[in-house]
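Let's take a walk through this one together. Have the sequence and the model side by side as you read.

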Amino acid sequence: MDVLNEIIQNSAIGNLSKGYKRIVLLLFSSIVVMLASMLLYVIVNGSNINFDFGY
């Protein structure tokens, strides 16, 4: 946990208040979880998805 706190303190959000840090980390975490779930969906259902690249 000390390493994570050190990384956050030395990053661009290190000077923000605790409330803003929590909001930024929550937003980042939600984006990462959403991308991971979309990747998992494509991996599981990839053979059933039709991609059309026509005009």
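Leu27, Ile31, Met34, Leu35 and Met38 make a nonpolar surface patch of about 500 Å². Patch members have over 30% relative accessible area and no salt bridge, with nonpolar side chains (Val, Leu, Ile, Met, Phe, Trp, Tyr) joined within 5 Å. Areas here are Shrake-Rupley values with a 1.4 Å probe, and for residues only the protein chains shown count as cover. Keep in mind that this is a predicted model: local features need pLDDT of at least 70, side-chain atom pairs count only at pLDDT 80 or more, and totals for chains, interfaces and linings use all residues. Residues are numbered from 1 along each chain as its sequence is written, and side-chain values use heavy atoms, leaving out hydrogens and water.

Now pick out isoleucine 31, which sits in helix α2. It counts as partly exposed because its relative accessibility is 41% (buried is under 20%, exposed over 50%, partly exposed in between).

Lysine 21 is in helix α2 too, which covers residues 18–45. This lysine is buried yet has no salt bridge, meaning a Lys or Arg side-chain nitrogen within 4 Å of an Asp or Glu carboxyl oxygen. The nearest side chain of opposite charge, glutamate 6, is 11 Å away (Lys and Arg count as positive, Asp and Glu as negative; His and chain ends are not counted).

Zooming out, the chain has 2 helices and 0 strands, taken as DSSP runs (H or I, at least four residues; E, at least two) numbered from the N terminus. Buried residues make up 7% of the 55 residues. The C-alpha trace spans about 50 × 30 × 15 Å along its principal axes.

Key
Buried < 20%, exposed > 50% of the residue type's maximum accessible area, 1.4 Å probe, protein only. Patch = residues over 30% accessible without salt bridge, like charges linked within 9 Å, V, L, I, M, F, W, Y side chains within 5 Å.
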